[in-house]
Each structure stands twice: as structure tokens, then as C-alpha cells.
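The following exercises are to be worked with the sequence and the model in view. Each task is followed by its solution in steps.

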Amino acid sequence: MADTEAREEVTAEELADLWPVLSPEDRVEGFHLLPRAEAEDLFLTRSARDQADLLRAVPHEEQRSWARLLAPDDAADLVQAAEPEERERLLGLLDEQTRRDVRALLAYAEDDAGGLMSPRYARLRPDMTVDEAIIYLRRQAQERLETIYYVYVLDDAQRLLGVVSFRELFAAQPGRRVRDIMRADPVTVRDDQDQEAVSRVFRDTDFMALPVVDAEGHLKGIVTVDDIVDVVEEEATEDIQKIGGMEALGAPYLEVGFTAMVKKRAGWLAALFLGEMLTATAMARYEDEIARAVVLALFVPLIISSGGNSGSQATTLVIRAMALGEVRLRDWWRVMRRELGAGLALGAVLGTIGFLRIVVWQAVRPTYGEHYLLVAATVFCSLIGVVLFGTLAGSLLPFVLRSLKLDPASASAPFVATLVDVTGLVIYFTTATLILSGTLL
């Protein structure tokens, strides 16, 4: 009984905090304990996947009332998140107008502007007076418009002519025509434009909503800033997971099943492991050199980790710059020149530190033998070469992937580090052969 009373005291905020660790049954039970208003707020803030799971779990007679809370773009997300065999049933829960809107949205790719937009926007005719426009907008506001900050002016063919803000409309003289106060040639996005490109338009313009038009200029809907915030978070999460050397999870961490988690991580780990086996092959190639000068083996971890770290830095910087639109495919030459200088400078810094470390350590506790200065010179030159190669490889690999129409984020830091490990050994032992030949080698 005490347990039941404790459950009845749960709030929407507490349930939202506990949501990731609750079982599906406990989620539904907690959801039903909330007052209707709080349950609606919680339902509207859940992800499309959670909403689909809740609709599946609540009694059939309740499903229609919950589904009809959603705006068309949110309902489209819910339908896409559901299993294919459930989608028609979910569409049947919607009212006729929303169902038509959702079917139109589902025709677009999920990551295009058309898949993000809402078809519920405020519209006016250019020949309306300001008074007529305000009365007309009052009637439209009863249709649960996505936003009324911006009002879009359309011709008879539904082509976008201009935009006027709600504030401008109310500040205008009552007898003026809409065409006289609207801003012509507004900023728009195409319905087939990628969501990352749409997010950059929002960043550059600071608008709260953008009109979505087709190739002929017909207004199809609007994308609001709250929609694009979710997109930016999703894209950034996906890129970070890929840069970490794994497949994107596609769902919150705690909601991904154990088997799915292992599958998404094992593939990349296996590929990286096979790549690292080449490091062992390279070490075997220089087995004689290591046998004659064991001191060289002491610096192998130092050399290859420095190259991997510099490559990881470069690839992370370039991938992020690409995601923000700061760097395009045609900029590869500028990036290469920039990273060439950076690689030489960073290599010289690390090489100097390595050189001084050997010299100082030799003075304090002789370890490296009578040819310690040559060993220090080998480490110095090797670090310059390895860091330079790692920086160039890490910065150019995203360009190679982009030119092949692949996701640059796939140039993960672990992948670059593995690539540089093998080449770093070759650079190190080649440099050692040139400098130590006739002495230690």
C-alpha cells in the first residue's frame, strides 16, 4: 500500500528523469498515474520513438486522443519511428487533414528540409489591407499554427512573394496593403535541402522560422528553430560517435540494447585491430635494427603515439570545420598548406622536447650510451617527420571521404591513429638507419 501511495506521488519531472532506466511496463504505469495535463506535456516532450512505444502500450481507445495532440511534422516523425507494419494503423488515428499533411511529409527524406517542415503556417494575400489581414490571421490562429512570428504572402498559385512579421503588421496603418509592407525575396530553403545546410542558414540569419519552397517557388511549409536545434544535436552526436571509432548509435545510450551496442562497436574495433597488426609486421621488418640497437625500441611508443595524436587533432578540426560549413571540398589545398606548416612546427616542438629529455636524462643517469646525441637527433628528426605525416593524413582524409560521397566523420581519430602507427615506424627506423649507420647500426 505504501508503495502504491509513493507511485501516485510521482511528478512528470521525476518520471522524465527516471525514463531512461525504467522498463516499458513501468513507463506506461507511471504515465497513467500523471494528471492528464502533465501527461500531455510529458508525451509531447518525448522522442518520436518513445511516443510510438507509448501509443502501442496504452489502451486502444486512448490512442486516438494522444496521437491527435501532435502537429503534422511531429506525427510524421512518430510514424517513421514505428515499425513498418504499424504505420498505416498510426496514420488511421489522425484526423483527415493531419493525415494528408503527414503523408505529404513522409514523401520527403527524413533528413531533408521537407521532412522537417510543418505545413501549418500563417499566410496572406498581397492585396489584403492590414485590417483584413489581422482578421484573417485571427481565424488562422485557431488552427494550431506552428508559429505566428512570421506571416507569408502567397499568390494564387501558392508561390512565395514575401514575408511580414506580426509586429510589422500590427504597427502598419489599417488601410495599407500587405504588398506595401512585406519584405520581398525572403530567405528560403529548398524542400530537398539537407538538414545540415538548413541549420547553417539558421545560424547565419538568426531567424526563428524559414520558409521551405520547391523548385518552382511554391511554399510547402516552414522549418522552425526548435526543429533545427534537435537536428543539430542529433548530427553532432552522430559525428562525435563516429569520430570515436564506432557506428552511430541512433538512439540514447541507455536505450540501445546490449547486442546492438556490441555490434556497433565491434566492427570498428575489429577493423582497427587488423590495422594494428600491420604495426607488428612493421616491427618484425626492423627486427635486426632493434637487435643491434635496443635503445631504439625505447622510443617506439613515443614516436607512434605522437603521430597518432597529431593526426587525431587534425582530423577532428577538419571534420568539425566541414560540419559548420567553414571548409568545403575545394579548400583542400588551403588546408594542406596550413597543416603542412602546423605539422612542421608541432613536430619541431615535440622533437625539441624529446631531444632535451635524452640529453638531460643522460647527464643525470647515463642510459643511452656513448652515441646518445645521435639517438637524440634520430628522435628529433623522426618526431618532425611522423607528426608532419600524421597532421597531413588526418587533415586530408576527410576530404578524400567527402569526394567519394562518404561521411567525413568516418575518418575517426582511432582510424587515423592506426594508419599513422604503421607509417610512423617506417619513418622512425628509416631515419635511424640514415643517422646511426656506421655507429649503432
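**Exercise 1.** Determine which residue stands opposite Arg190, and describe the sheet around this position.

*Solution.* Step 1. Arg190 stands opposite Val213 in β6. The model is a predicted one, in which local features need pLDDT of at least 70, side-chain atom pairs count only at pLDDT 80 or more, and totals for chains, interfaces and linings use all residues. Residues are numbered from 1 along each chain as its sequence is written, and side-chain values use heavy atoms, without hydrogens and water.

Step 2. β5 pairs with strand β6 (residues 209-213) in the parallel sense, over two bridges; pairing requires that DSSP finds at least two bridges between two strands. Strands (E, at least two residues) and helices (H or I, at least four) are DSSP runs, numbered from the N terminus.

Step 3. The open sheet has three strands in the order β5-β6-β7, with mixed pairing. β5 and β7 (219-224) are at the edges with a single partner strand each, so one side of each lacks a neighbour in the sheet.

Step 4. Helix α14 (residues 195-205) packs on this sheet and touches β5, β6 and β7; contact means heavy atoms within 4.5 Å.

**Exercise 2.** Decide whether Ala293 is buried or exposed.

*Solution.* Step 1. Ala293 lies in the loop between α17 (287-292) and α18 (300-323).

Step 2. Its relative accessible area is 2%. Buried means under 20%, exposed over 50%, and partly exposed in between (1.4 Å probe, protein chains only). Ala293 is therefore buried.

Technical notes
Axes are lines fitted to C-alpha atoms, for helices over the stretch in contact, and angles run from 0 to 180 degrees between N-to-C directions.
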